[in-house]
Amino acid sequence: EPGPEAEGPEGLGLEVRPNPFRGEAQVTLSLSRPAEVEAALYDVLGRRVALLAPRTGSSTSGRFPAGHHELPLDAGRLPAGVYVVRVTAGGAVATTTVTLLR
């Protein structure tokens with residue numbers, strides 16, 4: 001599994017640790033340039049179940065500078081299962097699956 005330094009061709013890296021996890025995990029984003037970021041957690045049916053980082057226009061800014069960023073993933077109220085973390089940064093999109101254990 002690539003580390004947070006492993007950025008895709010669009011300059012966006014994504015990693016979740018630990019994986020699998022119980023209750024809480026850390027989402028690490030690597031951006032090669034500043035971007036508007038949205039990070040969300042989806043269930044296997046494609047429903048968004050948690051918003052980790054908002055886009056601009058919400059109550060808090062989703063503008064992130066270049067570099068590494070840590071986002072907490074608190075899944076304490078979600079059932080065990082497989083989820084997808086999806087991050088958009090500018091025009092780039094990165095996804096990874098995570099497994100929540102109980």
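The protein chain averages a pLDDT of 86, and 83% of the residues score at least 70; pLDDT is the predictor's confidence in each residue, from 0 to 100. This is a predicted model, in which local features need pLDDT of at least 70 and side-chain atom pairs count only at pLDDT 80 or more, while totals for chains, interfaces and linings use all residues. Residues are numbered from 1 along each chain as its sequence is written, and side-chain values use heavy atoms, with hydrogens and water left out.

**Confidence**

- Over residues 1-7, pLDDT stays under 50.
- For residues 1-7 the model has 17 contacts beyond four places in sequence, a contact being heavy atoms within 4.5 Å.

**Asp43**

- Asp43 is placed in the loop between strand 3 (35-42) and strand 4 (48-53); strands (E, at least two residues) are DSSP runs, numbered from the N terminus.
- With a relative accessible area of 11%, Asp43 is buried; buried means under 20% relative accessible area, exposed over 50%, and partly exposed in between (1.4 Å probe, protein chains only).
- The side chain of Asp43 reaches the backbone nitrogen of Leu45 at 3.0 Å.
- A polar contact of 2.7 Å joins the side chains of Asp43 and Arg47. Such a contact is a pair of N or O atoms within 3.5 Å; within protein, one must be able to donate a hydrogen and the other to accept it, and residues adjacent in sequence count only if both atoms are side-chain atoms.
- Not counting residues up to four places away in sequence, Asp43 touches Val49 and Tyr83.

**Salt bridges**

- Side chains of opposite charge can pair when their charged atoms come close.
- The count comes to 4 salt bridges, each defined as a side-chain nitrogen of Lys or Arg within 4 Å of a carboxyl oxygen of Asp or Glu.
- Asp43 takes part in a salt bridge with Arg47, where the closest N and O atoms are 2.7 Å apart.
- Arg17 and Glu15 meet through their side chains in a salt bridge of 2.5 Å, N to O. Arg17 counts as exposed at 52% relative accessibility, whereas Glu15 counts as buried at 4%.
- Arg48 and Glu38 form a salt bridge with their closest N and O atoms 3.8 Å apart. Because Arg48 lies in strand 4 and Glu38 in strand 3, the pair ties together parts that are 10 residues apart in sequence.
- Arg48 counts as partly exposed at 48% relative accessibility, and Glu38 counts as buried at 15%.

How values were computed:
Helix = DSSP H or I, 4+ residues; strand = E, 2+ residues; numbered from the N terminus.
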